[in-house]
Amino acid sequence: MATGLLAKKVGMTQIFTAEGDCKAVTVLEVGPCTVIRRKSKEKDGYDAVVLGFGAIDEKHAHRISKGEIGVFKKAGTGLFRHLQEVRVKDVKLLGDLKAGDVLTVDKVFKLDQRVDVTGVTKGRGFAGVFKRWGMKGAARDSSTAHEHHRHPGAIGQRKTPGKVWKGKHLPGHYGVDIQTVQNLFVEGIEADKNIMLVTGAVPGHADGLLFVNTASKGQPRTKQKQVTRERSKPKV
Amino acid sequence: MLRNAIAHIEAKYTKSNVPALRAGDQVKVHTKIKEGDKERIQIFEGVIIAKREGGPRGNFTVRKVSYGVGVERIFPTHSPRIDKIEVVNHGDVRRSRLFYLRDLKGKAARLTHDEGAGVEAVVPPQP
């Protein structure tokens with residue numbers, strides 16, 4: 001089985017756990033993804049599968065290039081808008097997956113595991129240093145020069161070095177970056193609706209394309225029950 | 001279709017036995033308290049001084065004065081830790097946020113309401 005699937009962000013809501021705690025979760029529509037191609041170490045140098053997500057009908061086939069259509073034709077599958085290669089460390093994880101196999105959320109992920117979610121963040125346009133770098137600016141009410149409240153302040157030293165260091169935090173374009181949020185907890189899976197719930201926020205806007213992968217940092221160890229020994233009775 | 005997925009999730013955590021709540025209501029909130037492996041019901045009685053809408057994600061703030069000390073608790077409306085919510089009466093208030101009650105003490109902190117009228121009788125007519 002592949003370790004990851006393509007998904008769509010639906011939005012956020014809250015759920016209650018069995019203990020009654022309230023948790024913020026993101027609802028994802030994960031898969032189903034179709035295997036388009038199987039890559040092998042002998043032929044391609046590494047083991048991977050290429051997954052297709054978001055079927056396109058014949059009417060909109062002109063939206064993808066002829067080269068891509070050729071790939072789907074060779075696989076003998078339908079046309080898909082999104083492709084993603086899922087590389088695995090161990091070939092055993094892939095099993096005997098072949099082109100045309102359909103992967104659903106319940107086959108790949110299970111409850112209480114940890115996942116990494118990759119997506120494109122929301123675009124903020126040309127943003128100032130408050131939003132982009134979290135700077136605090138100057139005082140609002142007193143002891144500041146005219147209209148200097150949201151400014152970055154000093155950006156360098158004096159004659160030495162006589163230049164602004166590279167990478168200095170300044171205003172500029174912010175957002176539309178590929179970002180991965182690691183170790184999100186899978187709170188719920190509904191196979192019939194292709195829905196998965198993860199704790200916390202994921203990058204991008206609702207309807208945005210995401211790639212959900214098994215956490216690269218590994219799964220948490222199962223907690224071992226602490227053995228409490230009874231205290232021996234004091235000798236009289 | 002996508003938004004339906006959220007409604008579908010929220011429907012699972014929405015309770016049907018929640019009464020209509022308003023700011024100014026005197027309520028008894030029956031909360032489930034867990035002690036060890038036993039569970040009991042504790043009643044928190046006070047006035048609703050604020051309410052957040054949001055359907056299944058809403059909450060409300062209850063204020064009471066306990067031994068001279070003001071205590072406020074925020075309850076998620078659909079929390080499974082709430083056994084039931086009892087509306088004792090409806091206070092006659094003119095705002096949706098009664099934060100001014102925090103500054104009032106004793107007799108001044110009371111709300112007026114129709115005495116003797118049942119809960120149903122005080123429910124405002126539907127427009």
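Predicted model: local features only at pLDDT ≥ 70, side-chain atom pairs only at ≥ 80, totals over all residues.
Local features need pLDDT of at least 70 and side-chain atom pairs count only at pLDDT 80 or more, while totals for chains, interfaces and linings use all residues; side-chain values use heavy atoms, with hydrogens and water left out. Residues are numbered from 1 along each chain as its sequence is written, and chains are lettered from A in the order in which they are written.

**Chain B**

- Chain B has two helices and five strands, where helices (H or I, at least four residues) and strands (E, at least two) are DSSP runs numbered from the N terminus.
- Along the sequence of chain B, these elements follow the pattern α-β-β-β-β-β-α.
- Of the 127 residues of chain B, 31% are buried, a term that means under 20% relative accessible area, with exposed meaning over 50% and partly exposed in between (1.4 Å probe, protein chains only).
- The accessible surface of chain B is about 8,400 Å², 49% of it on carbon and sulfur atoms; accessible areas come from the Shrake-Rupley method with a 1.4 Å probe, and for residues only the protein chains shown count as cover.

**Interface between the chains**

- In chain B, 17 residues are in contact with 20 residues of chain A, contact being heavy atoms within 4.5 Å.
- The two chains bury about 1,600 Å² between them, with 65% of it on carbon and sulfur atoms; buried area is the accessible area (1.4 Å probe) that two parts lose on being put together, summed over both.
- Two salt bridges are counted between chain B and chain A, a salt bridge being a side-chain nitrogen of Lys or Arg within 4 Å of a carboxyl oxygen of Asp or Glu.
- Asp21(A) and Arg81(B) form a salt bridge through their side chains, at 2.5 Å from N to O.
- On the side of chain B that touches chain A, helix α1 (residues 2-12) of chain B gives the largest share, eight residues.

**His78(B)**

- His78(B) is in the loop between β4 (69-76) and β5 (82-90) of chain B, and its relative accessibility of 8% makes it buried.
- Beyond its neighbours within four places in sequence, the contacts of His78(B) include Phe16(A), Tyr13(B) and Pro56(B).

**Salt bridges within the chains**

- Over all chains, the structure holds 11 salt bridges.
- Lys23(A) pairs with Glu187(A) in a salt bridge whose closest N and O atoms are 2.8 Å apart.
- This pair links distant parts of the chain, 164 residues apart: Lys23(A) is in strand β2 (residues 22-30) of chain A and Glu187(A) in strand β10 of chain A.
- Lys23(A) is partly exposed at 28% relative accessibility, whereas Glu187(A) is buried at 17%.
- Arg63(B) is buried, with a relative accessible area of 15%, and Glu72(B) is partly exposed at 30%.

**Leu210(A)**

- Leu210(A) lies in strand β12 (residues 209-214) of chain A and is buried, with a relative accessible area of 2%.
- Between Leu210(A) and Val120(A) there are 7.7 Å in space, C-alpha to C-alpha, although they are 90 residues apart in sequence.
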